[in-house]
Amino acid sequence: MTLNHVRRGSGSPLLLVHGLGAGWRSWSPILDALAEHREVIAVDLPGFGATPPLTGEVSIATLTDSVADFIREQGLDGVSTVGQSMGGRMVLELARRGVGGDTVALDPGGFWSNRELVAFGATLRPSIALVRALRGMLPSLLGSPVGRTLLLAQLSARPWALSRETVLPDVRGLADSPSTGAALDALTKGPKQQGAPAGTVPGRVTIGWGRRDLVTVPSQAARATELFPDAALHWFERCGHFPQWDAPHEATRLILDSTD
């Protein structure tokens, strides 16, 4: 399978891997800023955006396989990778496998305790069902600070301050993407993320975490850095699960400073 993708800018390549939501458009708040300095390649994972779903098992392993295949097909050996949420987990998995170069994982999944994992599934599934039920009303609801606050309190530290254009693609993606449910099952029912012993990853590893993340809660950062002892940890203050929403300038700077 060839992943749908966009390329912008010039310079050393930077591969962006999204989480549940809009596909490559999830990176829209920072894509152009990154492309001022780098060649940015942003993919749609299988079943998201314009890439068709996988025909077989949907798991973190098979989704990551699709990105590893893309890297090989596109001649991107050693490419720096950036992921957020599920995509953050996937770029850490690529690093664990020895694929890619420098790695930046923003609020990655896969590091829940058993209790946190139950809470994650119990809160996110109803949220996805709600946005599906409200699909036709999303543009107007998200055009209001009150509507954004009611719908996005789990995802953003300051949803009222965001624009509709920033959040609408991801919220629509949660409602419309054919693989949302299967990917959520992979996150909640599949194995947790394995780690990489010190000295085994192919480049620098940076993990960024929102202090106010209610999806992958901040306590999980300690587990992530224990499993990836080579990783540097960066805290986003006043930031929820989407640094590209709540702290776009800081996220851009972190990505550029942490990758070659």
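Predicted model: local features only at pLDDT ≥ 70, side-chain atom pairs only at ≥ 80, totals over all residues.

When the lining of the largest cavity is sorted by class, it comes to 10 nonpolar and 6 polar residues, with no charged residues.

With a threshold of 30 Å³ or more, the count comes to 1 cavity. Rolling a probe the size of a water molecule over the atoms is what shows where empty space is left.

## The largest pocket

About 180 Å³ of space lies in the largest pocket. It is lined by 13 residues, of which Ile 60, Ala 61, Arg 89, Pro 191 and Gln 194 are the closest to its centre. Two elements, α2 (60-73) and α3 (86-97), each give two or more residues to this lining, and the largest share, 4 residues, comes from α3.

What is the division of this lining into nonpolar, polar and charged residues? The lining of the largest pocket has 4 nonpolar, 4 polar and 5 charged residues.

Two packed helices are described by the angle between their axes and the distance between the axes. For α2 and α3, the angle is about 65° and the axes are 10 Å apart; the two helices are therefore roughly perpendicular to each other, and their crossing is right-handed.

On the α2 side, the contact is made by Ile 60, Ala 61, Leu 63, Thr 64, Asp 65, Val 67, Ala 68 and Ile 71, and on the α3 side by Met 86, Arg 89, Met 90, Glu 93, Leu 94 and Arg 97. By class, the residues of this contact divide into 9 nonpolar, 1 polar and 4 charged. Ile 60, Ala 61 and Arg 89, which belong to this contact, are also among the residues closest to the centre of the largest pocket.

## The second largest pocket

The second largest pocket has a volume of about 150 Å³. Among the 13 residues that line it, Ser 127, Val 131, Leu 151, Gln 154 and Leu 155 are the closest to its centre. The elements that give two or more residues to this lining are α4 (114-133), α6 (145-152) and α7 (164-176), and α4 gives the most, with 5 residues. The lining of the second largest pocket divides into 11 nonpolar and 2 polar residues, with no charged residues.

## The crossing of α4 and α7

Two of the helices that line the second largest pocket, α4 and α7, also pack against each other, their axes coming within 8 Å and crossing at roughly 95°. That angle makes α4 roughly perpendicular to α7. Ile 128, Val 131 and Arg 132 of α4 make the contact with Val 171, Leu 174 and Ala 175 of α7, and these residues divide into 5 nonpolar, no polar and 1 charged. Val 131, a contact residue of α4, is also one of the residues closest to the centre of the second largest pocket.

## The packing of α1 against α11

Helix α1 (residues 28-35) packs with helix α11 (residues 248-258) at an angle of about 45°, and the axes of the two helices are 10 Å apart. Angles under 35 degrees would count as roughly parallel and those from 65 to 115 as roughly perpendicular, so α1 and α11 are oblique to each other. The crossing of α1 and α11 is right-handed.

In this contact, Pro 29, Ile 30, Ala 33 and Leu 34 of α1 meet Pro 248, Thr 252, Ile 255 and Leu 256 of α11. The residues of the contact of α1 with α11 divide into 7 nonpolar and 1 polar, with no charged residues.

Conventions: Residues numbered from 1 in each chain as written. Heavy atoms only, no water. 1 Å grid on protein atoms, 1.4 Å probe; cavity = no way out; pocket = protein on both sides within 12 Å on 5 of 7 lines; lining within 4 Å. Points joined across faces, edges and corners; volume = space filled by probe spheres on them. Nonpolar A, V, L, I, M, F, W, Y, C, P; charged D, E, K, R; others polar. Axes fitted to C-alpha atoms, helices over the stretch in contact; angles between N-to-C directions. Parallel < 35°, antiparallel > 145°, perpendicular 65-115°, else oblique. Left-handed = near helix turned anticlockwise from the far one by under 90°. Contact = heavy atoms within 4.5 Å.
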